[in-house]
Amino acid sequence: MEHASPVGITPRFAGPLQVRPLSPALGAEIIGIDLREALGDAVFTQILAAWHRHLVILLRDQKLSEEDEVRFGARFGPPALVQNKQFQRTHPGVMLISNIREDGKPIGALPDGEMQFHTDQCYMERPAMASMLYAIEVPRSGGNTMFANGYSAYETLPEEVKHRIAGRRALNAYDYDNAATIRGATVRDNAPSYAHPVVRTHPATGRKALYVNRLMTRHIEGMAPHESEELLNLLFAHQERPEFVYEHVWQPGDLLMWDNRCALHARTDFSPNERRLMRRVTILGEKPV
Ligand code: OGA
Ligand code: MN
């Protein structure tokens, strides 16, 4: 029986993909893929389907160059060029997320500590479709990334709340200099901002997701300030409920990709004395509808 595969082990790049859910909320690990190798279309189609179904995918124990990471990301859509050259290393599509300092300056964006729930670039007309982090150095504890399921958040809202937000837009703004990780009391006038639907429809799955977040959403358009404030606080508390959240504890070699159109993310606090180094690739997205 030399040619038969052992029972329960799927040969690499053949047959059904091995997918293991990470939590009841969202997320799945994809097992048995080495991203240094080019992926055939049949395998990629299954990875894409798993990503649409689970919102976040994880591939462990990867040993990736910057090129490997960008090549995988580019299967999902066009990678964005890194805007802040200070955080770019070699490949123009790879940005560092890190608290490591050289000459007193962080080598990466979003260096330190806790970060509130948000979706990437929701303050732009065309926010990022997806973001990918590849873990190189991780703290012994903390610095976990949490993901919240925006579909579940929407679907479980009381009908009365769904009715209040139907057809509404909310202004998202981001003051990277003064409130990069925790919401500020105000945003400076020239902070980038854009109003998007409070509920957006995912172009691939057709499902509706709640598209506001605590870090960047400032106001629901056409509502009195106190009413907007009260409603947003209710929506933030609802979407961050533990049953909608998966908290990822990183291991070096983890490659994780999330869908900003239907999932939020946040980061737990970690010690400034611990090193954290991630490589990020961002995939361009469409205007939310
Ligand atoms: C990001 C981000 C969270 C983290 O890169 O957009 O939010 O865990 N990162 O570093
Ligand atoms: Mn982010």
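Five helices and 18 strands make up the secondary structure of this chain. The chain is as compact as a globular protein of its length, because its radius of gyration is 19 Å, close to the 19 Å from the globule rule for 289 residues. That radius is taken over C-alpha atoms, and the rule is 2.2 Å times the number of residues to the power 0.38.

A word on the source. This is a predicted model, where local features need pLDDT of at least 70, side-chain atom pairs count only at pLDDT 80 or more, and totals for chains, interfaces and linings use all residues. Residues are numbered from 1 along each chain as its sequence is written, and side-chain values use heavy atoms, without hydrogens and water.

Overall dimensions next. The C-alpha trace spans about 70 × 50 × 30 Å along its principal axes. Of the 289 residues, 54% are buried, meaning under 20% relative accessible area with a 1.4 Å probe, protein chains only.

Now the metal. Which protein atoms are donors of the manganese ion, ligand 2? They are His118 (NE2), Asp120 (OD) and His265 (NE2), lying 2.1 Å from the ion. Donors here are N, O and S atoms within 2.8 Å of the metal (3.2 Å for Na, K and Ca); water is not among the atoms, so sites may look incomplete. Along the chain, the donor spacing reads H-x1-D-x144-H. His118 and Asp120 are both buried.

Notes
Chains lettered and ligands numbered in written order. Helix = DSSP H or I, 4+ residues; strand = E, 2+ residues; numbered from the N terminus. Buried < 20%, exposed > 50% of the residue type's maximum accessible area, 1.4 Å probe, protein only.
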